[in-house]
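This report describes the packing and backbone features of one protein model. The sequence and structure come first, and the text follows.

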Amino acid sequence: MLRTKALRHTLFILLPVIAVAGLLPLAYSNQLLLFNFVVFLTLAQGVNILYGFTGYLPFGYVGFFGVGAYGFSLAVMHLHLPPLAALGAAALAAVLLGLVLTPLLRLSGAYFAIANLAASQAMFQVVSNPNLTDITKGPYGISLAGVFAPNLSYGVAVAILALTLGTVIYLRNSRFGLALLAVREDSVTAAMAGIDVVRTRTLAWQLSALVAGLIGGVFAWYVSVFYPETVFSPEFSIFAIVFALFGGVATITGPILGVVVLYGIYNAIGISTPQYFQLIYGALIMGLVLFLPNGVVSLFRRWGIDVP
Amino acid sequence: MLAYAILAGLIFGLYFSLVGLGLNLVFGVMRIVNLAHGDVLMLGAFAAFWLFKLFGLHPVLSIFAVFAVFVAVGWPLYYLVVPRLLRAKDPEMLSIIFFFGLSQVIVALASIAFGSSERSIPGRVLGSGPYQILGQSFPAAWVVTGGVSALAVAFVYLYLYRTRLGYVTRAVMVHREEALATGIDVHRVSAIAFGIGLALSGIAGVFAPFMLGSVTPAMGVDINITSFAVIVVGSLGNPLGTVLGGIAYGISLMFMQTYFSSWANLLPYLLLITILLVRPSGLLGRKVRSA
Amino acid sequence: MVRAKALAVFAVIFFAVSAAHAADAPAEIKIGTLYASSGNYAGVSMAQYQGLRIWLDQKNAEGGVMVKPFNKKIPLKLVSYDDQSNTATAATLYNQLITQDKVDILLADFGSVLTSVAVPIARDHQMLLIDQTGSGAAFFTKDNPYIVLTSLPMSSVWPKHMTDFLVKEGPKLGIKRVALLYATNDFHGTQAAAVRDAIKASNGAVELVYDNGVPTNTSSYTVTINNIQATNPDAVLELGYVNNDIAFLRNLQDGGIKFKWLFTIYPGLETEVVEKNVGPKGMEQVFTYVPSSVMEYKPEFGMSLSQFRTTWNSKYPDGKVEFGFNSVAGYTTGLVLEKALATTDSMAQLALRKAILGQSGKLKTIDGTFEILAETGAQVGEVQPLGQISLDEHGEVKFVTVYPPELATGKPVYPAK
């Protein structure tokens with residue numbers, strides 16, 4: 001039952017999304033816009049893995065993203081690794097940060113969110129500190145002109161998106177995912193039912209860190225010239241969270257819908273009426289929260305349509 | 001140098017207690033994360049700026065105007081927004097998003113209305129020449145701001161602990177459902193707390209031009225993160241805790257500026273994380289809120 | 001022989017006609033740029049954008065700019081988006097300008113951070129990035145011809161006159177102990193490094209007694225000022241953005257402290273906004289760069305400072321964006337473009353670059369002498385002299401240029417009283 005569902009989700013959600021993401025650059029030439037869509041699709045799903053399945057809101061999610069970007073860049077600059085291998089360093093950096101921050105999972109609710117935010121800011125302060133210029137280039141920023149390869153890095157970003165979607169489909173259709181949801185609803189009961197609460201949570205936490213680190217690494221590769229404030233911008237966290245929640249978390253399609261609709265609108269307004277851009281966007285978000293608080297997918301559910 | 005850093009940190013920390021106070025009240029009473037807190041503060045700052053520029057109103061007097069207007073706006077805003085948010089599955093998280101939207105709207109409107117350049121009020125308005133405290137000299141603006149901040153904290157303390165309204169407000173803080181069951185008009189109590197919370201942020205804004213160099217429509221973001229640090233280090237829902245959090249923040253900031261200046265912004269974050277891990281309920285918290 | 005001559009004449013006529021035919025003049029020249037109406041860079045970015053607009057509207061009122069390949073005036077069309085100071089958004093929008101709007105000319109937004117993401121994009125699409133004020137040294141490499149810096153020198157060149165003064169004139173005045181405080185970002189970190197190098201090269205004539213960075217969003221300097229004072233410096237340099245300088249100067253003033261010799265950047269660069277926030281008294285005797293928004297150069301091309309100033313005031317009477325150096329910077333970009341279009345061989349991007357390089361050392365505008373390194377596209381002209389602010393009899397701010405000697409209009413006051 002779970003397995004056939006997983007197959008269905010792979011066929012009808014993962015494959016079409018990846019196909020569209022992979023093929024659109026052939027038809028539409030602003031590849032960077034598409035790239036940012038892929039980045040936010042991945043980040044929103046990463047938020048989904050953590051928040052949707054464990055209830056922890058990673059308000060400083062950008063910390064993993066930024067650390068991934070720097071892990072990648074340092075591996076290219078100092079170890080002269082080829083980009084694909086350097087992505088391994090990006091993943092490693094994010095997972096290591098995840099390990100260091102694992103104790104934060106002892107906190108709940110807003111406490112976790114705020115502590116996570118503080119952790120991401122702390123990472124930014126460390127990376128951009130001029131005392132570390134020899135290692136991180138401090139505030140002077142990264143230039144990776146030597147490995148710049150927009151088409152290849154775009155392809156890799158799509159692959160990471162596929163991996164992330166696959167993970168979410170797995171969570172949605174596996175005992176492990178069910179265990180996570182059980183822990184989210186009531187950790188005491190779940191523990192009594194024989195679920196290792198700490199282990200399952202930590203795993204989801206690391207998965208979500210890994211995803212962000214990888215996509216952060218590709219972001220560094222694609223953008224190739226950037227400052228620390230670029231890859232540690234809190235807007236990455238906030239956008240990813242807003243997109244995921246707008247669509248609806250603990251689903252596969254919710255975050256996808258959120259990114260396509262909201263980031264789509266963001267760009268459409270940004271290009272058509274930039275002067276009122278922030279105003280319209282803010283008002284839109286407020287309206288959505290007030291009138292559609294459980295995400296767009298809840299609307300479909302209300303109409304009796306099951307949304308995966 | 002150390003003595004100066006500690007004294008300066010104390011005064012600066014008192015101001016940051018005021019900055020965190022409104023946020024703390026709103027979170028404590030409603031479990032609502034007001035991500036537009038820094039922007040409300042910014043509005044208070046611009047209110048003081050314009051009142052001074054157009055009418056020559058002294059910032060200390062504009063506190064009253066700001067208080068009245070912000071309570072008057074906050075009260076109905078509560079009924080418009082919060083009950084709806086609280087009905088959702090996860091109001092705490094949803095509020096983060098809602099107030100992010102509100103914050104965008106406020107910043108956009110402020111940029112359109114005021115432009116994006118730096119504004120401030122001359123420091124001499126709050127008194128001329130530096131004051132001597134314990135042999136160290138501090139700007140008059142700092143001393144006045146510190147004093148007003150202390151008064152504001154005392155005001156909140158009296159409101160919470162010495163009035164009937166404050167008593168029920170604390171009941172709502174401890175347990176919203178139980179308060180409802182005992183017949184307390186939870187919404188009315190919360191609406192007042194919400195209004196006062198916003199007004200406190202506004203009042204903190206009145207002094208921002210003196211304590212934070214200058215004000216711009218974009219200043220809110222930095223304020224938010226610091227405010228969260230301050231209220232968490234103290235403890236949520238406790239105004240005295242916020243004072244402690246503010247002072248801990250102020251002193252650690254000044255200490256870092258003195259000895260490891262380029263790392264100055266790191267310590268508050270580390271402080272926040274450490275306190276959360278060691279004592280999640282904050283320095284003065286009673287209830288441990290770990291999962 | 002005659003036949004050969006006739007053939008040559010024929011050939012010339014043929015090519016001229018066919019060239020004119022091949023290059024049908026477009027109805028407009030599309031210029032793409034970004035600005036930030038909100039966020040960290042809003043104030044300065046808008047100043048730059050509005051400066052550019054002055055040039056653009058003026059040219060369009062005259063029927064466009066002369067474009068040499070078509071030998072006629074062509075109107076300009078501005079395509080601009082708001083990046084809200086967000087680099088990820090800026091990256092998308094730069095790409096939008098190149099791939100969707102297919103602009104003929106690409107201009108960067110204000111400053112290094114918002115320019116950085118455009119550098120690889122422009123290079124990838126082989127578009128020349130006209131970098132207005134992004135002075136980060138990392139942008140300018142010999143292997144990338146698709147960038148030129150138009151309106152200010154790269155960061156490491158900025159403090160040239162100031163450090164020369166400190167090292168050469170300083171000891172004569174009695175300056176030995178120097179305190180250096182800077183905001184930890186690319187722009188100010190690079191300048192701090194240049195200052196450090198110059199002091200090291202002085203062989204002990206001057207020495208650093210305080211050398212610390214503070215985070216760029218620092219808004220309170222009271223304790224730092226106290227610490228600097230404790231080192232008993234003869235000269236203090238505070239390098240920061242406008243918000244840093246305002247906070248620093250206000251904290252000094254509120255604390256009743258006056259350093260003997262104080263240098264900060266923005267009293268010169270954004271005089272109006274600093275004056276509004278700090279007041280003339282707080283700027284008195286402060287040393288600063290004397291930028292082209294203050295210094296009357298004798299422009300050989302474009303408006304003079306006073307003309308530009310008048311135009312600015314009548315075009316933007318609401319005062320929401322203060323006049324300052326970045327206003328001049330935006331306008332200068334326009335002038336450089338105008339010259340380039342008037343001299344370029346074709347509208348190809350590298351031809352435009354060549355035309356811009358061709359102006360190096362020749363073009364004298366409101367912003368000083370335009371001078372560019374051919375290998376990297378980095379600006380080394382338009383260097384700002386060192387000046388000191390004094391108050392005239394009405395208490396108004398005025399600038400006395402003190403160094404280099406050939407530009408000096410007065411003597412420095414030391415120590416400040």
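How many residues of domain 1 of chain C are in contact with residues of domain 2 of chain C? The contact joins 19 residues of domain 1 with 15 residues of domain 2, where contact means heavy atoms within 4.5 Å. In chain C, domain 1 covers 29-154 + 296-369 and domain 2 covers 157-294 + 384-407, with bounds that come from an automatic or database domain assignment. Their C-alpha centres lie 29 Å apart.

This is a predicted model, in which local features need pLDDT of at least 70 and side-chain atom pairs count only at pLDDT 80 or more, while totals for chains, interfaces and linings use all residues. Residues are numbered from 1 along each chain as its sequence is written, chains are lettered from A and ligands numbered from 1 in the order in which they are written, and side-chain values use heavy atoms, with hydrogens and water left out.

**Nonpolar cores**

A nonpolar core is a set of buried Ala, Val, Leu, Ile, Met, Phe, Trp, Tyr and Cys residues joined through side-chain atoms within 4.5 Å. Buried means under 20% relative accessible area, exposed over 50%, and partly exposed in between, with a 1.4 Å probe and protein chains only. The largest nonpolar core has 326 residues, and Leu43(A), Phe248(C), Trp261(C) and Phe263(C) touch the most other members. Helix H1 (residues 2-30) of chain B gives the most to this core, with 17 residues. Helices (H or I, at least four residues) and strands (E, at least two) are DSSP runs, numbered from the N terminus. Domain 1 and domain 2 of chain C each supply at least three residues to this core. A second, separate core holds 44 residues, including Ile29(C), Val65(C), Trp312(C) and Leu357(C).

Leaving out residues up to four places away in sequence, Phe263(C) touches several residues, among them Met162(C), Glu238(C), Phe287(C) and Leu386(C).

Two packed helices are described by the angle between their axes and the distance between the axes. For helix H5 (residues 109-127) of chain A and helix H12 (residues 266-278) of chain B, the axes come within 9 Å and cross at roughly 145°. Axes are lines fitted to C-alpha atoms, for helices over the stretch in contact, and angles run from 0 to 180 degrees between N-to-C directions. Residues of H5(A) at this contact include Tyr111(A), Ile114(A) and Gln125(A), and those of H12(B) include Leu266(B), Tyr269(B) and Leu276(B).

**Backbone features and a buried loop residue**

Most residues other than glycine have a negative phi, and most peptide bonds are trans. The table lists departures from this pattern.

| Site | Feature | Value |
|---|---|---|
| Tyr403(C) to Pro404(C) | cis peptide bond | omega near 0° |
| Tyr414(C) to Pro415(C) | cis peptide bond | omega near -10° |
| Ala250(A) | positive phi | phi near 60° |
| Ser85(C) | positive phi | phi near 65° |

Pro404(C) lies in the segment after strand E16 (397-403) of chain C. Ala250(A) is in the loop between helix H12 (234-247) and helix H13 (253-272) of chain A, and counts as buried at 12% relative accessibility. Ser85(C) sits in the loop between strand E4 (76-82) and helix H3 (87-100) of chain C, and is buried at 14%.

Ala88(B) is in the loop between helix H3 (59-87) and helix H4 (91-114) of chain B. Ala88(B) is buried, with a relative accessible area of 10%. Apart from neighbours within four places in sequence, Ala88(B) is in contact with Pro293(A), Asn294(A) and Leu94(B).
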